[in-house]
Structures are given as C-alpha cells and as structure tokens.
Amino acid sequence: MRRIAFTIVVAISISTGCKKGGEEKGTETKISKKETKVVVPGEVKKQWKSVIILLINKENNKKTEYEIEIGKSMELGDSGLNVEVVYFLPDFKMEQDKITSASNELKNPAVHIIVNENGKNPVKLWLFYNYPDVHAFIHPKYQLTLIGFQKKE
C-alpha cells in the first residue's frame with residue numbers, strides 16, 4: 001500500500017514540477033493539435049453547389065439568410081462577420097484518421113466554415129443541420145445555423 005501511495009506522490013510531483021532550492025524544476029509539454037484530414041467524395045463535389053446559413057442577431061432577434069457557395073466566402077451584412085464555406089458533407093462521418101461523407105444522401109448534413117470577425121481571429125468549426133447546438137458558433141451578439149443546401153443545376 002505504501003508503494004502505491006509513494007508512486008502516486010511521485011507521479012503528481014513529476015507532472016506538476018518539483019521545487020528544489022527555491023527554483024521550479026519540471027518539463028514543459030507541448031501538445032500539438034493535428035487537424036483531421038477531410039475527404040470529400042467526387043460525387044459530393046459534383047452534386048452540391050452551396051449552403052444556406054442563417055445569421056441571428058441575438059440583441060434584436062433579426063434573422064437573415066445567406067447562400068454561400070462551397071469554396072467561397074461572404075461578408076454577412078454589417079455584422080463584421082465573414083464566413084468561408086470550406087467543405088459540405090451531406091452524410092458527415094468521422095473515422096479515426098479522416099472526416100468524410102458516408103453517402104451523397106442528406107442523412108447528416110454538415111458544413112465546415114471559417115468565421116472571421118472584422119478580419120481577425122479566425123474560428124474554424126462544423127455546423128450540423130440535424131444538431132444545430134453541437135459545435136455552435138459562440139459569439140455574444142450573433143448565432144450561425146446551417147438551414148439549407150443547394151444542388152448544382
């Protein structure tokens with residue numbers, strides 16, 4: 001039992017750094033977040049043209065729809081927000097090493113966007129049609145929601 005307690009104390013000391021003679025000893029661990037690869041199947045690229053994003057002003061509940069082409073960006077009125085639509089996946093599926101679309105059917109539609117406010121602080125996130133509160137865009141004044149998608153003609 002003493003051996004287990006000693007092992008725990010040593011592990012905690014190592015992870016938090018030990019103080020010896022007034023100076024802190026320890027190691028700095030850098031965690032690099034590797035982005036997951038996104039693979040858009042060819043049939044998805046061929047069929048889908050744009051998505052429709054709803055901008056809601058939380059202060060006055062004003063709602064405005066914006067149709068944004070996949071691969072393009074757009075200023076959202078006078079909000080100061082610019083949204084770039086990077087990927088659209090009609091049947092979002094996350095695997096161990098990639099994100100893709102399991103089919104070309106609208107089973108779990110998701111859009112990967114990059115949001116810039118006044119040209120600063122880009123935020124990358126996925127918006128889900130079926131689950132609008134999952135990975136929601138966090139902003140004090142605005143809310144973004146995926147509400148539709150358009151096929152190519």
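Hi everyone, let me start with two residues: Trp 48 and Phe 149 are both buried, where buried means under 20% relative accessible area, exposed over 50% and partly exposed in between, with a 1.4 Å probe and protein chains only. A word on the source: this is a predicted model, so local features need pLDDT of at least 70 and side-chain atom pairs count only at pLDDT 80 or more, while totals for chains, interfaces and linings use all residues. Residues are numbered from 1 along each chain as its sequence is written, and side-chain values use heavy atoms, with hydrogens and water left out.

Back to our two rings. A pair of aromatic rings is described by the distance of the centres and the angle of the planes. Here, rings of Phe, Tyr and Trp (its six-membered ring) pair if their centres lie within 6.5 Å; planes under 30 degrees apart are stacked, over 60 edge-to-face, and the rest tilted. That rule gives 6 aromatic pairs. For Trp 48 and Phe 149, the centres are 6.2 Å apart and the planes stand at 85 degrees, so this pair is edge-to-face. Trp 48 belongs to strand 4 (residues 48–57) and Phe 149 to strand 12 (residues 142–151), so the pair ties together parts 101 residues apart in sequence. Helices (H or I, at least four residues) and strands (E, at least two) are DSSP runs, numbered from the N terminus.

Next, Phe 92 and Phe 128: with ring centres 4.9 Å apart and planes at 85 degrees, this pair is edge-to-face. It links distant parts of the chain, with Phe 92 in strand 8 (residues 92–94) and Phe 128 in strand 11 (residues 120–128), 36 residues apart. Phe 92 counts as buried because its relative accessibility is 13%, and Phe 128 counts as buried at 9%.

There is a cluster, too: Trp 48, Phe 88, Tyr 129 and Phe 149 form one aromatic cluster.

Strand 3 pairs with strand 9 (residues 98–101) in the parallel sense over 2 bridges, and Lys 37 stands opposite Lys 98 in strand 9.

Finally, the whole chain: its secondary structure comes to 2 helices and 12 strands, and 35% of its 153 residues are buried. Thanks, everyone!

Note on methods: Two strands pair if DSSP finds at least two bridges between them.
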